[in-house]
Amino acid sequence: MPDPRQETMFGSIAIQLGFVTVTQVNECLESQRQMQALGTPPKRVGDLLLEKGFISRQQAEQIFRQQGLRGGHTQIQSYKILARIGHGAMGSVFKALQVSMDRVVALKVLAPKYAQNTKFVERFFREARAVAKLNHPNIIQGIDVGESNGIHYFAMEFVDGPTVGQLLRRGGALDERRCVQVILQMARALEHAQKHGLVHRDVKPDNIL
């Protein structure tokens with residue numbers, strides 16, 4: 001049985017984007033109820049909207065992306081969004097549950113405005129796969145990368161703690177000993193990446209966990 005909250009969210013986003021009318025969404029919800037009453041596994045609202053010709057496949061993917069970025073169950077297979085924990089120029093990072101492994105991960109999602117740009121998508125995948133090849137105690141481990149329902153994602157090890165940037169904003173400058181500890185760990189991480197032909201290009205407090 002589809003999650004009623006997610007079905008409602010999908011329909012609401014479709015209406016907000018101007019793809020369908022309230023009447024069309026209600027027609028699909030009524031079809032769901034009839035299937036359930038007959039003991040037939042009900043189809044998702046998105047599938048019904050497609051079958052009835054109310055939306056195109058491209059519009060469905062756009063709705064899926066918006067739904068994933070707003071929280072709840074994403075349309076990324078085997079992942080459930082728990083909270084947004086950061087964002088940048090290329091997209092957002094979410095705390096998510098990798099359902100198949102029952103573990104919490106950090107899920108980086110490429111911004112929808114870049115998803116149709118082949119160069120951005122190729123760069124996103126290339127960087128994710130490069131990171132996944134690294135294995136070092138001072139580097140977050142890459143777990144999975146792929147595309148699902150038009151959403152391009154990169155799953156990484158989740159670190160439950162603040163960034164150096166957050167520490168600086170909360171308490172001001174770090175003491176000398178702690179600074180040295182952070183710098184040494186960063187240097188080891190960058191050295192490891194360099195040995196594998198990678199240059200970070202965005203080393204800053206907010207990227208140090």
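Strands S1 and S2 run antiparallel and are joined by 7 bridges. They belong to a predicted model, in which local features need pLDDT of at least 70, side-chain atom pairs count only at pLDDT 80 or more, and totals for chains, interfaces and linings use all residues. Residues are numbered from 1 along each chain as its sequence is written, and side-chain values use heavy atoms, with hydrogens and water left out. The protein has 8 helices and 5 strands. Helices (H or I, at least four residues) and strands (E, at least two) are DSSP runs, numbered from the N terminus.

**Overall layout**

- From the N terminus on, the order of elements is α-α-α-α-β-β-β-α-α-β-β-α-α.
- Along the principal axes, the C-alpha atoms fill a box of roughly 70 × 35 × 30 Å.
- The protein has 209 residues, and 35% of them count as buried. Buried means under 20% relative accessible area, exposed means over 50%, and partly exposed lies in between (1.4 Å probe, protein chains only).
- The accessible surface comes to about 12,700 Å². Carbon and sulfur atoms account for 50% of this surface. Such areas come from the Shrake-Rupley method with a 1.4 Å probe; for residues, only the protein chains shown count as cover.
- Take the contacts between residues at least 6 apart in sequence: 51% of them join residues at least 24 apart. Contact means heavy atoms within 4.5 Å.

**The sheet**

- The 5 strands form an open sheet with antiparallel pairing, in the order S1-S2-S3-S5-S4. Two strands pair if DSSP finds at least two bridges between them.
- Strand S1 (79–87) and strand S4 (142–148) stand at the edges. Each has a single partner strand, so one side of each is left without a neighbour in the sheet.
- Neighbouring strands of this sheet are turned by 30° against each other on average, direction ignored. Axes are lines fitted to C-alpha atoms, for helices over the stretch in contact, and angles run from 0 to 180 degrees between N-to-C directions.
- In a regular strand the side chains alternate between the two faces of the sheet.

**Strand pairs and hairpins**

- S1 and S2 form a hairpin, with 3 residues between them. Ile81 has Ala96 in S2 as its bridge partner.
- Strand S2 (residues 91–98) is joined to S3 by 8 bridges, and the two run antiparallel. Gln98 has Arg103 in S3 as its bridge partner.
- The hairpin of S2 and S3 has 4 residues between the strands. In this hairpin, Asp102 takes a positive phi near 55°.
- Strand S3 (residues 103–110) also runs antiparallel to S5, with 5 bridges joining them. Ala106 stands opposite Met156 in S5.

**Helix H6 and strand S5**

- H6 packs on the sheet and touches S3, S4 and S5. The direction of H6 makes about 20° with that of S5.
- Glu127 sits in helix H6 (residues 118–132). Glu127 is partly exposed, at a relative accessible area of 36%.
- Glu127 and Leu198 are 71 residues apart in sequence. In space, their C-alpha atoms are 9.2 Å apart.
- His152 lies in strand S5 (residues 151–157). His152 is buried, with a relative accessible area of 10%.
- Leaving aside residues up to four places away in sequence, His152 touches several residues, including Lys108, Leu110, Val121, Phe124 and Glu147.

**The nonpolar core**

- The largest nonpolar core has 16 residues. Such a core is a set of buried Ala, Val, Leu, Ile, Met, Phe, Trp, Tyr and Cys residues joined through side-chain atoms within 4.5 Å.
- Phe10, Val20, Leu49, Ile55 and Ile63 have the most contacts inside this core.
- Helix H1 (4–16), helix H2 (22–37), helix H3 (45–51) and helix H4 (57–69) each supply at least two residues of this core.
- Val20 touches Ala14, Ile15, Val25, Leu49, Phe54 and Ile55, not counting residues up to four places away in sequence.

**Aromatic pairs**

- The structure holds 3 aromatic pairs. Rings of Phe, Tyr and Trp (its six-membered ring) pair if their centres lie within 6.5 Å; planes under 30 degrees apart count as stacked, over 60 as edge-to-face and the rest as tilted.
- One of the pairs joins Tyr114 and Phe120, with ring centres 4.2 Å apart and planes at 40°, so the pair is tilted.
- Tyr114 is buried, with a relative accessible area of 17%. Phe120 counts as partly exposed, at 24% relative accessibility.
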